[in-house]
Amino acid sequence: MKTNRAYINNSSCISCAGNSNEELFVAICEKKETIDIDTTYVKNSSVAIGKIKNFIDFDECLISECKKVLKTSNLDDFSSTLLVVGSSVGGMNKTEEIFFKDKSYKNINKKEHPIDAIAHKLKQVFEFYDDISFSTACTSSANALGYAKEVIEKGIYKNVLVVGVDALSYTTVCGFHALSVLSCKPCTPFEANSEGMNVAEAIAVLLVQDKPTKPNAVEICGVGYSCDAHHMTQPHPEGLGAISAMQNALTNAKITTKDIEYINAHGTGTTANDTSELIAIATLFNKHKPYVSSTKSTTGHTLGAAGAIEAIICTMALKKGVIPPSKDISKLKNEEIKISNVVVEKNLNYVLSNSFAFGGNNTSLVFGIPK
Amino acid sequence: MNLNLEILNVTYLINKTAITNLNTKELIPKMVFRRRLTQASKLCIELMHNIDFTQGRVMYASCFGELNSTAKILNSILNQESISPTEFQNSVYNTPVSYSSIWHKNRSEIMTISSGENSSNKLLKLGAIKALDGDEILLLATETLDIPNIHEVNTSCEYLECAVALKVRITQKKENIAIENIDKKLPKSIALLVEIAKEFDKNRDNIIRVTL
């Protein structure tokens with residue numbers, strides 16, 4: 001079997017933290033306030049959510065982000081490219097608009113409701129060689145990236161466009177509220193008294209290819225999958241699934257724990273996730289301790305888009321030699337973890353990104369500077 | 001590129017309404033676990049039992065996912081009622097294979113895709129690419145469309161509940177299954193897999209070509 005390598009050559013994203021990769025990274029490093037307090041989604045409650053600013057239509061944003069990536073790439077079009085979407089919301093936000101207005105399913109377009117609604121929309125504008133959509137809740141686009149690496153590694157495709165996307169929807173905001181895990185203020189992952197998470201929307205697009213086309217390309221070096229096999233919403237209390245996913249990613253990348261210099265954690269801000277993930281990191285990285293931060297304090301939890309937007313953050317960190325800081329943690333939930341509340345400048349070779357989801361679905365990705 | 005998959009075993013269930021003659025009570029004796037299961041979760045557990053696959057990698061597909069939970073949530077929001085936390089956790093597309101992984105303590109890689117009406121074909125492609133690693137993989141697909149007022153959007157599909165499982169591995173053998181006719185009364189997203197399952201003959205090799 002062929003063993004090609006997978007390189008992220010181009011990417012673009014939009015989120016509550018900015019309208020470009022640069023704006024996003026600056027917002028993280030300067031610890032800007034990006035999360036809004038909202039009273040419209042949940043009846044009689046204020047919740048903090050991450051809304052994209054300065055845009056009119058979410059679909060137009062989606063097309064625009066893909067166009068930006070195409071324009072900066074070495075491709076004339078996407079006709080030889082596999083589209084891999086990662087989403088947990090799909091077209092649910094559109095369905096809600098129609099259903100709440102009509103009080104009936106009658107006018108819901110079957111192609112614009114499910115997860116495939118994203119690919120359906122993109123295929124109206126771009127021609128792709130083929131497409132597939134992953135929907136594993138909050139690991140959706142991390143799994144999309146893992147698949148991109150896999151199909152390139154196996155020599156099946158040369159170009160893969162990964163699109164991580166989730167719009168805000170009543171279902172997700174009200175659903176997480178029902179689970180009592182939403183914070184009414186900007187989230188503070190890994191803070192001892194963290195009050196919960198912020199649901200957010202984002203679009204993150206990455207072009208993954210079998211050759212680096214730019215001097216600052218970043219390699220997807222490893223992917224690791226696991227299942228907790230424990231509980232639908234509660235992660236394993238000892239982080240066994242998370243440990244397994246991280247170890248599998250390191251093994252796949254043919255590196256060891258000492259090679260990882262930064263972990264972009266899943267870090268939602270919920271007690272269950274943060275406690276479990278920090279135990280997992282402390283257990284696996286018990287000798288060599290990399291810096292750990294959760295950039296969800298700036299982006300919010302973008303659900304199915306999280307893996308893709310955090311991949312972009314990892315590529316920025318590697319390219320700039322900058323470890324994204326934590327957002328002013330005063331009392332750390334787990335003292336065995338190494339964090340920094342200020343930017344750390346350091347030449348980085350390998351970083352790791354975690355994504356965990358409902359159902360105990362765990363995915364870890366290793367990104368690195370190509371050797 | 002073409003890859004050939006050897007189909008090692010199959011099982012499927014189709015019905016015009018919700019399938020009720022399941023062995024869920026025997027398969028999941030623990031009531032506190034059983035009562036949380038969605039219909040698609042019950043179907044997956046039934047098929048995994050029938051095909052004797054509880055450990056290993058599972059690739060799952062559904063076009064519409066957990067439609068019943070989704071509809072209940074939408075109606076709760078519309079009527080300004082509280083959302084059931086269980087309904088929300090059950091509304092994600094990977095719910096059925098997550099419950100089965102929890103029940104069977106299967107810690108392997110488990111993926112869920114949703115590619116509209118082409119979900120069957122995309123699942124075969126995903127399965128073939130994953131199977132290049134050399135292991136036996138379970139391909140699972142369900143559609144559970146028998147929910148109140150589904151007639152408002154469903155005009156063509158007669159079989160509202162379908163579930164199919166294929167145990168596969170990669171092979172160099174020549175293909176001998178070609179599907180030419182697809183039952184239009186089945187949900188399009190799952191029909192191809194059901195037709196492949198119908199073609200399975202345990203007294204011969206069963207090989208299908210997957211064109212990537």
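The lining of the second largest cavity comprises 7 nonpolar, 4 polar and 5 charged residues, where Ala, Val, Leu, Ile, Met, Phe, Trp, Tyr, Cys and Pro count as nonpolar, Asp, Glu, Lys and Arg as charged, and the others, Gly among them, as polar. You are looking at a predicted model, in which local features need pLDDT of at least 70 and side-chain atom pairs count only at pLDDT 80 or more, while totals for chains, interfaces and linings use all residues. Residues are numbered from 1 along each chain as its sequence is written, chains are lettered from A and ligands numbered from 1 in the order in which they are written, and side-chain values use heavy atoms, with hydrogens and water left out.

**Stop one: the second largest cavity.** Its volume is about 150 Å³. To centre your view, select A:D59, A:G90, A:G91, A:K94 and A:I118, the closest to its centre of the 16 lining residues. A cavity here is a set of points on a 1 Å grid over the protein atoms alone where a 1.4 Å probe fits but cannot get out, and lining residues have an atom within 4 Å of a point. Grid points are joined across faces, edges and corners, and a volume is the space filled by probe spheres set on the points. Now colour α2 (58–72), α3 (92–102), α4 (117–123) and β6 (159–166) of chain A: each supplies at least two residues of this lining. Helices (H or I, at least four residues) and strands (E, at least two) are DSSP runs, numbered from the N terminus.

**Stop two: the largest cavity.** This one has a volume of about 250 Å³. Select A:S88, A:V89, A:T172, B:S91 and B:V92, which of its 19 lining residues are the closest to its centre. The lining has 11 nonpolar and 8 polar residues, but no charged ones. Helix α6 (residues 170–178) of chain A gives the most, with 3 residues.

**Last stop: B:F200.** Find this residue in the loop between α8 (188–199) and β6 (207–211) of chain B. Is B:F200 buried or exposed? B:F200 counts as buried because its relative accessibility is 18%. Next, show B:I7: its C-alpha atom is 7.7 Å from that of B:F200, although the two are 193 residues apart along the chain.

Key
On a 1 Å grid over the protein atoms alone, a cavity is a set of points where a 1.4 Å probe fits but cannot get out, and a pocket is an open set with protein on both sides within 12 Å along at least five of seven lines; lining residues have an atom within 4 Å of a point. Buried means under 20% relative accessible area, exposed over 50%, partly exposed in between (1.4 Å probe, protein chains only).
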